[in-house]
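I opened this notebook to record what I looked up, strand by strand and then residue by residue. The entries follow the order in which I checked things.

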Amino acid sequence: MSLTADPPACTVPAAGGASTHKLVNAGADKLVFKIKSSNNNEYRISPVFGFIDPSGSKDITITRTAGAPKEDKLVIHFAPAPADATDPQAAFGAVTPAGTVTIPVSATA
């Protein structure tokens, strides 16, 4: 079971902007994920919860509002998805995270 982010880091303008990344599930199990941010004031993540099929991928969008340049990070917690799960937020609450992926986020002036 493994999850990777492509690209593995994010750079956005401090004045605001967006970046799209692909979460790739290289394993044979369906995964459920939750994304946490070190800066919820200036970053919006879509989606926060989701499923990724075996050998599949999911696009996520990182959007930054204007603010002072600084270093932040996103941490993606993931686990095998319950077989009958249809709601990723409820499914994530029912599992124990099996791994994490960290995306460093830089806001540049």
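Before reading across any pair of strands, I noted that two strands pair if DSSP finds at least two bridges between them, and that strands (E, at least two residues) are DSSP runs numbered from the N terminus. The model is a predicted one, in which local features need pLDDT of at least 70 and side-chain atom pairs count only at pLDDT 80 or more, while totals for chains, interfaces and linings use all residues. Residues are numbered from 1 along each chain as its sequence is written, and side-chain values use heavy atoms, with hydrogens and water left out.

Entry 1, strand β1. I found that β1 (residues 3-6) runs antiparallel to β3 (residues 17-25) and is joined to β3 by four bridges, with Ala5 standing opposite Leu23. Leu3 and Ala5 make up the covered face of β1, whereas Thr4 and Asp6 make up the uncovered one. I recall that in a regular strand the side chains alternate between the two faces of the sheet.

Entry 2, the open sheet. I traced five strands in the order β2-β9-β8-β4-β6, with mixed pairing. Because β2 (10-13) and β6 (49-52) each have a single partner strand, they stand at the edges, and one side of each is left without a neighbour in the sheet. From one strand to the next the twist averages 25°, where axes are lines fitted to C-alpha atoms and angles run from 0 to 180 degrees between N-to-C directions. Within this sheet I looked at β8 (residues 71-80) and β9 (residues 99-108), which run antiparallel and are joined by eight bridges; Lys73 stands opposite Pro104 in β9.

Is Ser37 buried or exposed? Ser37, which lies in β4 (residues 31-37), has a relative accessible area of 17% and is therefore buried, the cut-offs being under 20% for buried and over 50% for exposed, with a 1.4 Å probe and protein chains only. A polar atom of the Ser37 side chain lies 3.0 Å from the backbone nitrogen of Asn39. Leaving aside neighbours within four places in sequence, I found Ser37 in contact (heavy atoms within 4.5 Å) with Tyr43, Lys73 and Leu74.

Most residues other than glycine have a negative phi, and most peptide bonds are trans. The bond from Asp6 to Pro7 is cis, with omega near -5°, and Pro7 is placed in the loop between β1 and β2. Ser46 and Pro47 are also joined by a cis peptide bond, with omega about -10°. Ser55, in the loop between β6 and β7 (57-64), has a positive phi near 55° and is exposed, with a relative accessible area of 64%.

Definitions and conventions. A polar contact is a pair of N or O atoms within 3.5 Å; within protein, one must be able to donate a hydrogen and the other to accept it, and residues adjacent in sequence count only if both atoms are side-chain atoms.
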